[in-house]
Amino acid sequence: MAKFSTIITFIFAALVLFAVFEAPTMVEAQKWCEKPSGTWSGICGSNDACKNQCITLEGALHGSCNYVFPAHMCYCYYPC
């Protein structure tokens, strides 16, 4: 019985030691600033089309259709 508890204690200590060294690394979050697209006209109905236009024509890193009263508008996202 003593041998079994020694093995369990050893396994538990090894798991704790492994968990300490495998702590996740924190990465600073990217902050995004949004701006209405200057080249999009009309109601935005396609996220892919908005994204492509923001990237190719406006030099943004991302784009998506967001609901802003009274309709969906294309917004471009840039790093702040």
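**Disulfides and a surface patch**

A nonpolar surface patch of about 320 Å² is made by I7, F10 and I11. This is a predicted model, where local features need pLDDT of at least 70 and side-chain atom pairs pLDDT 80 or more, while totals for chains, interfaces and linings use all residues. Residues are numbered from 1 along each chain as its sequence is written, and side-chain values use heavy atoms, with hydrogens and water left out.

Q: Why is I11 called partly exposed?
A: Buried means under 20% relative accessible area, exposed over 50%, and partly exposed in between (1.4 Å probe, protein chains only). I11 comes out at 44%, so partly exposed is the label.

Q: What makes C44 and C65 a disulfide?
A: The term needs a pair of cysteine sulfur atoms within 2.5 Å. Here S to S is 1.8 Å, so the pair qualifies. Both cysteines, C44 and C65, are buried.

Q: Why is the disulfide of C44 and C65 called left-handed?
A: Because the torsion about its S-S bond is about -55°.

Q: How do you know that C50 and C74 are joined, and which hand does the disulfide have?
A: Their S to S value is 2.0 Å, so they meet the disulfide cut-off. The torsion is about 90°, so this one is right-handed. C50 sits in helix α2 and C74 in strand β3 (residues 71-79), 24 residues apart; helices (H or I, at least four residues) and strands (E, at least two) are DSSP runs, numbered from the N terminus.

Q: What is the pairing of the bonded cysteines in sequence order?
A: The structure holds four disulfides, and the pairing reads 1-8, 2-5, 3-6, 4-7.

Note on methods
Patch = residues over 30% accessible without salt bridge, like charges linked within 9 Å, V, L, I, M, F, W, Y side chains within 5 Å. Areas by Shrake-Rupley, 256 points an atom, 1.4 Å probe, with all protein chains shown as cover. Salt bridge = Lys/Arg side-chain N within 4 Å of Asp/Glu carboxyl O.
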